[in-house]
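Reader: Please take a close look at one part of this model, the nonpolar core, and then at the charged pairs.

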Amino acid sequence: MQEQTILEQMIKLSAKKLELLKQLKALSEKQDEAFREQRLDEVERVLNKKDEIIDYIGKLDDAFLKASDALKKLLGIESLTQLEDTGIEGCSELKSLIEQITALVEEIIKIEKQGYENAVALQNQFGQEIKNINNAKKIASAYTPKPLNVPSYFIDKKK
């Protein structure tokens, strides 16, 4: 009976993780769009929100691993793939959730790779613009007359 409780906990944790990963995917898509449109303030806001979600997912993963280890120890199995052989109700639901999570993580990775490429392109573009600005400053300074640093020897004094 305790095995069933642990499995149900693992299913709840996995369902919550799947929900958070969907939010993470939506945020990754927003981030990618913001990079393409060069809205850096939006990128920063999205990154902060993604960090919060990733931290929470990390906590869910830790709880899942503890439950998983406890379940494996109780059942005397080495891996969760052997769980279906035990006949505990909900194994197929957990397996389905894990498959959905894996597929969603792969989609997020693709989006993040595209976002990284957009970020690098934006960085290169800004780097080129900064070089152009620095060159323009040098050119402009060449045409600006510099004041002579000749000291005045004669000072008019009113008597």
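**Core and charged pairs**

Author: In this predicted model, Met10 is in contact with Phe64, Ala67, Ser68, Leu71, Leu80 and Leu94, leaving aside its neighbours within four places in sequence. Met10 also belongs to the largest nonpolar core, which has 26 residues. Met10 is listed there with Leu7, Leu21, Leu83 and Leu94 as the residues with the most contacts inside this core. Two or more residues of the core come from each of helix H1 (2-36), helix H2 (40-75) and helix H3 (91-143). H1 gives the most, with 10 residues.

The charged pairs come next. Side chains of opposite charge can pair when their charged atoms come close. Nine salt bridges are found in a search of the whole structure. One of them joins the side chains of Glu107 and Lys25, at 2.6 Å from N to O. This pair links distant parts of the chain, with Glu107 in helix H3 and Lys25 in helix H1, 82 residues apart. Glu107 has 35% relative accessibility, so Glu107 counts as partly exposed.

Within helix H1, Asp32 and Arg36 are four residues apart and therefore separated by about one helical turn. Their side chains meet in a salt bridge of 3.2 Å, N to O. Asp32 counts as buried because its relative accessibility is 9%, whereas Arg36, at 55%, counts as exposed.

Helix H2 holds Lys49 and Glu52, three residues apart, which means a separation of about one helical turn. Here the salt bridge between the side chains spans 3.9 Å, N to O. Lys49 counts as partly exposed, at 38% relative accessibility.

How values were computed: Residues numbered from 1 in each chain as written. Predicted model: local features only at pLDDT ≥ 70, side-chain atom pairs only at ≥ 80, totals over all residues. Heavy atoms only, no water. Core = buried A, V, L, I, M, F, W, Y, C linked by side-chain atoms within 4.5 Å. Buried < 20%, exposed > 50% of the residue type's maximum accessible area, 1.4 Å probe, protein only. Contact = heavy atoms within 4.5 Å. Salt bridge = Lys/Arg side-chain N within 4 Å of Asp/Glu carboxyl O.
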